[in-house]
Amino acid sequence: MKFSELGLSEDLLTAIEKHGYVEATPIQEQTIPLTLAGKDVIGQAQTGTGKTAAFGLPILEMIDTNSRDVQALIVSPTRELAIQTQEELFKLGRDKHVRVQAVFGGSDIRRQITNLNHGANIVVGTPGRLIDHINRGTIKLGNVKTLVLDEADEMLNMGFLEDIESILKAVPDKRQTLLFSATMPTAIKRIGVQFMTDPEHIQIAAKELTTDLVDQYYVRVRDNEKFDTLTRILDVQQPELAILFGRTKRRVDELTRGLELRGFKAAGIHGDLTQQKRSQVLKQFKAKEIEILVATDVAARGLDISGVTYVYNFDIPQDPESYVHRIGRTGRAGAHGNSVTFVTNAEMDYLKDIEKLTKKRMQPLKPPTREEAVAGRLSVASASVEAAVSAVDASLFAEAAEGLVEKYDAKTLAAALLSAVANVAEMDESFSLSHERPLPRKRSGFGGGRRDGGRQGGGNGRRGGYRGGDRRSGGDRSERGSRERRSYDRGSRTGSGDRSQRGQSGAPRRSSRDFVIRNND
Ligand code: ADP
Ligand code: MG
């Protein structure tokens, strides 16, 4: 469907066209009219299908630019996502002259206050910093007409819920509330609905919860072989841009170190890093100076980075929903992607739970042999050598080269060159990861796997007991603890704003074989 059929005004339609969007995606088509009509909406659709514009466009439409009040507030789980959303709304709202500001931890609060004072029609913020501004009285939310929780299930989850409740107290009761996410577990939705008035739940139900654009593989490995298998797979697959997920912050740090040791350009991102470091890493990744971004779940939620062709789940996620979000970092806006999930024997039930949620089978992938990995390295090395041959100014090296040619035959020289470039020795750099506590074994049984984390989940099935029981006892194992959440949002205050522009892709629209389920709650 064309955007022009959705009731948006000329200013916005021009901006949409400039942005390279030709047709509305299904979630945009279904929710934009409802939002424009003032309804509360729960919008659920696969990752990478344009949910930002789905809530952003009608909000931009409804903004009265004659007023300097904050009329819409968008809450995001991370600073990076807040910036990304602010950038997209700024671009789409530029022709209408809508002021969009982002507020987040780790960046100078005084500058944010100045910006807010200059007038902000839309504020995108992370919970911690929003609460700071509310407490200081530097943000006035009394005229907010629309509140959005992006990545809503994450925002309504334990780590953020209290913050969200505080923010809700600062916005009028009479307002429009929008929740958007790719996943919306029933128990979490129940919490969200309490903050809403007669919401419409629009669910763009594809055949599966994950997109067909991502080829999903799993590889069965022993715990102590995971890292070697990983680097072999990387040598064979040679991804240009990949995201690797680890379960904990420590894991992310260690994986990064190990990958560097074996010659990969890797960098980590998680909540304990300074804002400055996180900005720097993302910028380098977007500029392809880093090949592998190693991340925790929370750090990578919602990120839209074009060109990511592989997602590796070094540790299988504990919640099937996390899997959906992780692999959703690839296969975005019509592009094709791949995912590889590592699974140990003890974790096979987690794999089954994921497949049950996504309604899609992952394909088994055989761990590559060392020979295959070497071959992978050599093919890349040959390509670099050929590139070097065509670029070299031979006259600069004439004397040294002649000396070598006199001593060795061409084949030997080429082999030596390949071996140096491929640096096969690097593959054997010994490296071992610290032991991570394994996921609690699942008791397979009826109802799709109850959690058996050494405690009774109150008799709840997975859905009913969502994020109860073992999650709470997960402690340092997962990044989901509220401590982490807060430190993520309120990290160090050193960072300078990373305003790097995302590539503006005129990516083709996703095919719309999806159908829509609508139900009133
Ligand atoms: P989601 O929040 O659903 O994961 P995003 O809002 O981050 O997805 O959008 C994913 C990508 O798709 C972005 O790069 C965005 O610019 C692009 N996009 C959004 N809407 C459209 C559209 N109608 N046509 C083409 N590309 C779009
Ligand atoms: Mg999003």
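Ligand 1 is surrounded by 18 residues, the closest being Tyr21, Glu23, Gly48, Thr52 and Asp304; a residue counts as near if one of its heavy atoms lies within 4 Å of the molecule. The model is predicted: local features need pLDDT of at least 70, side-chain atom pairs count only at pLDDT 80 or more, and totals for chains, interfaces and linings use all residues. Residues are numbered from 1 along each chain as its sequence is written, ligands are numbered from 1 and chains lettered from A in the order in which they are written, and side-chain values use heavy atoms, without hydrogens and water.

| Protein atom | Ligand 1 atom | Distance |
|---|---|---|
| Glu23, backbone N or O | nitrogen | 2.8 Å |
| Gly48, backbone N or O | oxygen | 2.6 Å |
| Asp304, polar side-chain atom | oxygen | 2.5 Å |

On its own, ligand 1 has 570 Å² of accessible area, of which the protein covers 94% (Shrake-Rupley method, 1.4 Å probe). Domain 1 (3–206) and domain 2 (209–370) each supply at least three residues of the shell; the domain bounds come from an automatic or database assignment.

Seven strands form an open sheet in the order 10-11-9-12-13-8-14, with parallel pairing. Strands are DSSP runs of E with at least two residues, numbered from the N terminus, and two strands pair if DSSP finds at least two bridges between them. Strand 10 (266–269) and strand 14 (363–364) are at the edges; each has a single partner strand, so one side of each lacks a neighbour in the sheet. Strand 12 (residues 310–313) and strand 13 (residues 337–343) are joined in the parallel sense over four bridges. Val311 stands opposite Ser339 in strand 13.

Terms used
Polar contact = N/O pair within 3.5 Å; in protein donor to acceptor, adjacent residues only side chain to side chain.
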